[in-house]
Amino acid sequence: MMNVTLSTLLLVEDDPNDVMLFRRAKDKSNLANPLQVMQDGEAAVAYLSGQGQYADRNRYPLPALVLLDLKLPRKSGLEVLEWLRRQPGLQRLPVVVLTSSKESLDVGRAYDLGANSYLIKPVAFDKLLEMVKVLGLYWLILNEKPDIHLSRGE
């Protein structure tokens, strides 16, 4: 029997309603992966870099996937993405931008900075549920994950 440790998801989202809806969709889609939520860009950077209260990687493991809103307080999603792609140990971490912005400038900038995918938050819950199921299937099951610890040029 395989010993499967479920990979953590990191949701970076400042809207409490969107967080609640995402949690509900995650639960309803039977996605058992643990979810960590950061409500601003600075907290996301602290979590990903293991600083301060996030230094304990047993309690705050590196995520297998980052779901990143763009419009965040303190540091925007684009600033978080730009920071992340400059970090030798984290630059391969898959990042899906999950935002309400359809602006082509935001889409282009996110991809220029290394986003792996760009999704518009659905308004209807059933569409969100469908999106979460597909996200879980694709990014956490089907997708071949990079070894982020070897991305330091080792």
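Helix α1 passes helix α5 in a right-handed crossing, meaning that the near helix is turned clockwise from the far one by less than a right angle. The model is predicted, so local features need pLDDT of at least 70 and side-chain atom pairs count only at pLDDT 80 or more, while totals for chains, interfaces and linings use all residues. Residues are numbered from 1 along each chain as its sequence is written, and side-chain values use heavy atoms, with hydrogens and water left out.

Two packed helices are described by the angle between their axes and the distance between the axes. Here α1 spans residues 16–28 and α5 spans residues 125–142; the angle is about 60 degrees and the axes are 9 Å apart. This makes α1 oblique to α5 (under 35 degrees is roughly parallel, over 145 roughly antiparallel, 65 to 115 roughly perpendicular, and the rest oblique). Helices are DSSP runs of H or I with at least four residues, numbered from the N terminus. Axes are lines fitted to C-alpha atoms over the stretch in contact, and angles run from 0 to 180 degrees between N-to-C directions.

On the α1 side, L21, F22, R24, A25, K26 and K28 meet F125, L128, L129 and V132 of α5, where contact means heavy atoms within 4.5 Å. The residues of this contact divide into seven nonpolar, no polar and three charged (Ala, Val, Leu, Ile, Met, Phe, Trp, Tyr, Cys and Pro are nonpolar; Asp, Glu, Lys and Arg are charged; the others, Gly among them, are polar).

L128 lies in α5 and, with a relative accessibility of 10%, counts as buried (under 20% relative accessible area is buried, over 50% exposed, and in between partly exposed, with a 1.4 Å probe and protein chains only). Leaving aside residues up to four places away in sequence, L128 touches L21, F22, A25 and P122. L128 and L21 are 107 residues apart in sequence, and their C-alpha atoms are 8.1 Å apart in space.

The structure also holds four aromatic pairs. Rings of Phe, Tyr and Trp (its six-membered ring) pair if their centres lie within 6.5 Å; planes under 30 degrees apart are stacked, over 60 edge-to-face, and the rest tilted. The ring centres of Y47 and Y54 are 5.4 Å apart and the planes stand at 55 degrees, so this pair is tilted. Y47 is buried at 0% relative accessibility, and Y54 is buried at 11%. For Y138 and W139, the ring centres are 4.9 Å apart and the planes are at 85 degrees, so the pair is edge-to-face. Y138 is partly exposed at 41%, whereas W139 is buried at 10%. Ring pairs also link Y47, Y54 and Y60 into a cluster.

Conventions: Helix = DSSP H or I, 4+ residues; strand = E, 2+ residues; numbered from the N terminus.
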